[in-house]
Amino acid sequence: MTFLKRTIAAVLAASLLVGLAPSAPVKADGAASTRNILIGAAAATLLIVNHNRKVHEKYAADAQAQASLAAQRNDAQAAYSSEKKANDNLVAANAELKREVAYQHDIITKQDQKLAMMKSSTLASPNYASTASVATTPRRPGVASPSNQTVAVVSYGWGTI
C-alpha cells in the first residue's frame, strides 16, 4: 500500500515539474485558431446531440412503459366487464330455469290432484266405466300441445331451487 502511495506522489510531483518548466512562446496563426474553435464547437455539438438523443430515448421508453401499463389496465377492465356480463347472463339463465321448474312443478301438482280425484271417483262408484281421458294440462302461451298427450305422474324431487 505504501508503494502505491509513493508511486502516485512521484507521478504528481513529476507532472507539477513539467507544468512549471519554462516553455517556448507559442506562435499562433489564425488558421489553427479557427480550426481549433470549429473542432471544439463540433465536439460540443456532438455531445449535446448525443445527450439529447439519450434523453429522448429515455422519454420514449417511459412513454412506452406508461402505454403498456395503460393497455394492461384496459385489458383488466375489459376482462372484468366481460366476466360481469357473463355472470349477469348466468343469473338470468338461472332465473329462467327456476321459473321453468316452478311451472313444471305446478303442472305436476295439478295433474296429481286430478288423478287423485279420478281414482277416488272410480273407487266410490265401481260400476262406472270411465272412457274419459286424463284432463288436459294447462297450456303455456306459444307452445303447441300434441293431440294425443301422455301425462307422466312421476316426480323426481326437483322441488324449488
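The model is a predicted one. Of the 161 residues in the protein chain, 4% are buried.

**Confidence**

The mean pLDDT of the protein chain is 79. A value of 70 or more is reached by 74% of the residues. Residues 128-135 fall below 50. Beyond near neighbours in sequence, that stretch has 3 contacts in the model.

**Fold elements**

Secondary structure in the protein chain consists of 2 helices and 0 strands. Helix α1 covers residues 2-20. Helix α2 covers residues 30-124.

**Helix α1**

Helix α1 has 19 residues. From its first C-alpha to its last, α1 reaches 27 Å. That is close to the 27 Å expected at 1.5 Å a residue. How many of the 19 residues of α1 are buried? The number is 0, so α1 lies largely in the open.

**Salt bridges**

The model has 4 salt bridges.

| Pair | N to O distance | Separation in helix α2 |
|---|---|---|
| Lys84 and Asp88 | 4.0 Å | 4 residues |
| Arg99 and Glu96 | 2.7 Å | 3 residues |
| Asp106 and Lys110 | 3.4 Å | 4 residues |

Take Lys84 and Asp88. Their closest N and O atoms are 4.0 Å apart. The cut-off for a salt bridge is within 4 Å, so the pair is judged by that distance. Both residues lie in helix α2, and because they are 4 residues apart, about one helical turn separates them. Lys84 is partly exposed, at a relative accessible area of 42%. Asp88 is also partly exposed, at 40%.

Next come Arg99 and Glu96. Their side chains meet in a salt bridge at 2.7 Å, N to O. The two residues are 3 apart in helix α2, about one turn of the helix. Is Glu96 buried or partly exposed? Glu96 counts as partly exposed, with 42% relative accessibility.

The pair Asp106 and Lys110 forms a salt bridge too, with the closest N and O atoms 3.4 Å apart. What separates Asp106 and Lys110 along helix α2? They are 4 residues apart, so the separation is about one helical turn. Asp106 has a relative accessible area of 35% and is partly exposed. Lys110 is partly exposed as well, with a relative accessible area of 35%.

**In brief**

The predicted chain has 2 helices and 0 strands. Helix α2 holds the pairs Lys84 and Asp88, Arg99 and Glu96, and Asp106 and Lys110.

How values were computed: Residues numbered from 1 in each chain as written. Predicted model: local features only at pLDDT ≥ 70, side-chain atom pairs only at ≥ 80, totals over all residues. Heavy atoms only, no water. Buried < 20%, exposed > 50% of the residue type's maximum accessible area, 1.4 Å probe, protein only. Expected span 1.5 Å × (residues − 1). pLDDT = per-residue confidence, 0-100. Contact = heavy atoms within 4.5 Å.
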